[in-house]
Amino acid sequence: MSSYSVEPIGVIHSCYSEKFGVPRQPRLVTAAKGILHFYPDFGRPEMFNQLDKFTHIWIIFLFHETVAEGWKPTARPPRLGGQKRVGVYASRSPHRPNHIGMSAVRLEKIVKDDGPVRLELSGVDLLDGTPVLDIKPYVPYSDVVDEAGCGYTFDPIPKVELRIAQQVEDFCRQYQHETGRELRELIVQTLQYDPRPASQRAAVREFGVLLWDVNVRWRATGGGFEVFSCEQAGACG
């Protein structure tokens with residue numbers, strides 16, 4: 001049995017500053033933006049020749065915030081309500097033997113300037129600061145398997161109904177004007193898939209998620225979620 005070491009080629013900077021709220025799969029939240037910054041040895045322009053011909057790429061990355069927690073032989077997938085266990089290899093749990101993940105995301109732009117190349121991405125399900133181990137082009141003729149079975153994930157993910165307070169609407173408009181970031185759409189797409197752990201979904205209480213530098217607060221009600229507050233993190237307190 002041999003062991004190998006790998007070296008990250010870059011790091012993701014994304015709109016998800018905390019694990020809570022990160023989409024459970026890529027491309028569910030198309031408004032989720034990220035930038036892949038390559039380290040100098042791996043960001044030379046010639047390494048990206050012809051990559052602009054592809055609309056999507058695979059990101060192979062490290063679940064860096066779960067490494068210290070170790071791995072587990074079984075997992076409780078959210079799609080099974082967090083109550084039933086399956087083998088770790090039948091799940092996409094981050095608590096894996098090597099803590100490696102992969103996501104197919106949209107390649108929006110390749111930026112080449114004086115420094116290492118960087119990639120602008122959308123539809124990311126990646127935490128800010130995620131180390132990237134490799135990228136590969138997404139190739140539909142081989143990566144799409146029409147006859148693939150989907151196991152326990154066959155049911156569509158239900159969406160939660162949202163109500164957004166007027167002060168939140170006003171904040172989002174001003175924030176987009178100042179930063180160019182589509183915060184409202186990111187809030188809607190992130191919350192509509194219910195980011196709460198399955199164990200907390202019966203509770204009627206308030207929750208918060210940090211999107212970019214904005215603390216978004218919402219409460220669960222009998223009829224869905226009510227988004228009642230937005231505040232820039234630097235202004236909190």
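Which residue of β12 does Arg 219 stand opposite? In this predicted model, the residue facing Arg 219 is Glu 226. Let's start from that pair and look at what is around it.

## The sheet

Strand β11 covers residues 214-221 and strand β12 covers residues 224-232. The two run antiparallel, and eight bridges join them.

Now step back to the whole sheet. It is an open sheet of four strands, and its order reads β9-β12-β11-β10. The pairing in this sheet is mixed. At the edges you will find β9 (162-164) and β10 (206-211), each of which pairs on one side only.

Which strands does helix α2 touch? Helix α2, made of residues 166-179, packs on the sheet and touches β9, β11 and β12. Its direction makes about 45 degrees with that of β12.

Helix α3, residues 183-191, packs on the sheet too. The strands that α3 touches are β9, β10, β11 and β12. Compared with the direction of β9, the direction of helix α3 makes an angle of about 150 degrees.

## A closer look at Gln 189

Is Gln 189 buried or exposed? Its relative accessible area is 8%, and since the cut-off for buried is under 20%, Gln 189 counts as buried.

The side chain of Gln 189 has polar partners you can look for. One is the side chain of Glu 185, with which it makes a polar contact at 2.7 Å. Another is a backbone atom: the nitrogen of Thr 30 lies 2.6 Å from a polar atom of the Gln 189 side chain. Setting aside residues up to four places away in sequence, Gln 189 touches Leu 28, Val 29, Thr 30 and Ala 31.

## Over to Ile 100

For another example, find Ile 100 in strand β6, which spans residues 100-111. Ile 100 has a relative accessibility of 40%, so it counts as partly exposed.

Which residues is Ile 100 in contact with, leaving aside its neighbours within four places in sequence? They are Ile 60, Phe 61, Phe 63 and Leu 133.

How many residues apart in sequence are Ile 100 and Glu 120? They are 20 residues apart along the chain, and their C-alpha atoms are 22 Å apart in space.

Key:
Residues numbered from 1 in each chain as written. Predicted model: local features only at pLDDT ≥ 70, side-chain atom pairs only at ≥ 80, totals over all residues. Heavy atoms only, no water. Pairing = 2+ DSSP bridges. Contact = heavy atoms within 4.5 Å. Axes fitted to C-alpha atoms, helices over the stretch in contact; angles between N-to-C directions. Buried < 20%, exposed > 50% of the residue type's maximum accessible area, 1.4 Å probe, protein only. Polar contact = N/O pair within 3.5 Å; in protein donor to acceptor, adjacent residues only side chain to side chain.
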